[in-house]
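Trainee: I would like to learn how to read salt bridges, helix packing and surface patches in a model of a protein chain. Could we take one example and go through it feature by feature?

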Amino acid sequence: MAENSKGSSILPTTSADPPARGDEKLFKGSAMTKRGSYAAISYMTCAVMLVLFNKAALSLYSFPSANVITLCQMICSCCFLYALRRSKLITFHANDSIAINDTSKTFVPIKTLIDTSPLALAYLLYMLVTMESVRGVNVPMYTTLRRTTVVFTMIVEYVLVRQRYTRPILGSVGLIVFGAFIAGARDLSFDSYGYFVVFLSNITTAIYLATIARIGKSSGLNSFGLMWCNGILCGPVLFVWTLVRGDLEMTMNFPYLFSLGFLMVLLLSCILAFFLNYSIFLNTTLNSALTQTICGNLKDLFTITLGWVIFGGLPFDLLNVIGQLLGFFGSGMYAYYKLIGK
């Protein structure tokens, strides 16, 4: 049955089979497969493009609410998944054949939805705290502190699955964090509340990625199934949140709501968000939560470069450039050691 599924699947899915207990490479570092490399590259590409489209919607068109954009992206994602699953182009379970007749409207048993509820809770906490963390800290310091997410991810993975790392991996992570602090050295102004919220954001990010990796291996769902459950559980909560905050009312009064240019930007943003979420789940389950975090650091470097070229407004600072280059070099070292299995 699994072989038939692999042969007939149009879009790649992930296997939820847990690794063998005797496989020491789980703890010493396993080489990244070609499929895992494609997942990492796809994530970074989608993430950079999505940031640019979101920037266009929020800055160029001055759209008042990022929460509504997130809600639209989540609704579109669920619609895409429903259409693809109903057309039998994808499956939500790792070992299911796409040809299986499925009369269920939810596609996923209620018990499975309950089992994946920690993922939805982790996502909501991650989203809420991350939005709050941007307010109290300036951008260079925010970028610096967010780069330390890799350390929190390693700690969370060790606590949850006793994941250990080799010295080359630890060295590359240390270089990334060191480069981040150099990049923000001129802006090390202490704000206790701002620092606390950013570090809390790092913890929730690490928990979210580690939860994806853990539930992805235990739930029997592939990346599409995890996305479906996350959207079904989080969508109503996010809708109520935007309703209570008044974001939906502001959206209805937005002057460019029916502008063709804005609608095209919003549509492309929703499409990219779908592929981004898919690549996050795929990259985290195929590789690891730490690899996903490192890819996020690489994505930030490309985003800063493209943002400076397209939108401008970023002053040149030698320490910032040196720090960014050190972070890029550390991320490249991690990718190299991951590819060769060290």
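Mentor: Let us begin with the salt bridges, of which a search of the whole structure finds two; please keep in mind that this is a predicted model.

Trainee: Which side chains meet in a salt bridge at 3.1 Å, N to O?

Mentor: The general idea is to look for a side-chain nitrogen of Lys or Arg within 4 Å of a carboxyl oxygen of Asp or Glu. Here the side chains of Lys111 and Asp115 meet in this way, at 3.1 Å from N to O, and both residues lie in helix α5 (residues 110–115), where they are four residues apart, about one turn of the helix.

Trainee: Is Lys111 buried or exposed, and how should I class Asp115?

Mentor: Buried means under 20% relative accessible area and exposed means over 50%, with partly exposed in between. Lys111 has 59% relative accessibility and therefore counts as exposed, whereas Asp115, at 40%, counts as partly exposed.

Trainee: What does the other salt bridge join?

Mentor: The side chains of Asp247 and Arg245 meet at 3.4 Å, N to O. Asp247 counts as buried because its relative accessibility is 3%, while Arg245, with a relative accessible area of 42%, is partly exposed.

Trainee: How do I read the packing of two helices, and at what angle do α4 and α11 cross?

Mentor: One compares the fitted axes, taking the angle between their N-to-C directions. The axes of helix α4 (residues 66–86) and helix α11 (residues 223–245) come within 9 Å and cross at roughly 145 degrees, and the crossing is left-handed. The residues that make the contact include Leu71, Met74 and Leu81 of α4, and Met227, Trp228, Leu238 and Arg245 of α11; that Arg245 is also the partner of Asp247 in the salt bridge.

Trainee: Which residues form a nonpolar patch on the surface?

Mentor: Such a patch joins nonpolar side chains within 5 Å, from residues with over 30% relative accessible area. In this model Val151, Ile155, Tyr158, Val159 and Leu160 form one, with about 420 Å² of accessible area together. Val151 is found in helix α8 (residues 149–161), and at 35% relative accessibility it counts as partly exposed.

Trainee: Finally, how many helices and strands does the chain have?

Mentor: The secondary structure comes to 15 helices and zero strands. Of the 342 residues, 47% count as buried, and the chain exposes about 17300 Å², of which carbon and sulfur atoms supply 69%.

Methods
Residues are numbered from 1 along each chain as its sequence is written. This is a predicted model: local features need pLDDT of at least 70, side-chain atom pairs count only at pLDDT 80 or more; totals for chains, interfaces and linings use all residues. Side-chain values use heavy atoms; hydrogens and water are left out. Patches are made of residues with over 30% relative accessible area and no salt bridge: like charges are joined within 9 Å, nonpolar side chains (Val, Leu, Ile, Met, Phe, Trp, Tyr) within 5 Å. Accessible areas come from the Shrake-Rupley method with a 1.4 Å probe; for residues, only the protein chains shown count as cover. Buried means under 20% relative accessible area, exposed over 50%, partly exposed in between (1.4 Å probe, protein chains only). Axes are lines fitted to C-alpha atoms, for helices over the stretch in contact, and angles run from 0 to 180 degrees between N-to-C directions. A crossing is left-handed if the near helix is turned anticlockwise from the far one by less than a right angle, and right-handed if clockwise. Contact means heavy atoms within 4.5 Å.
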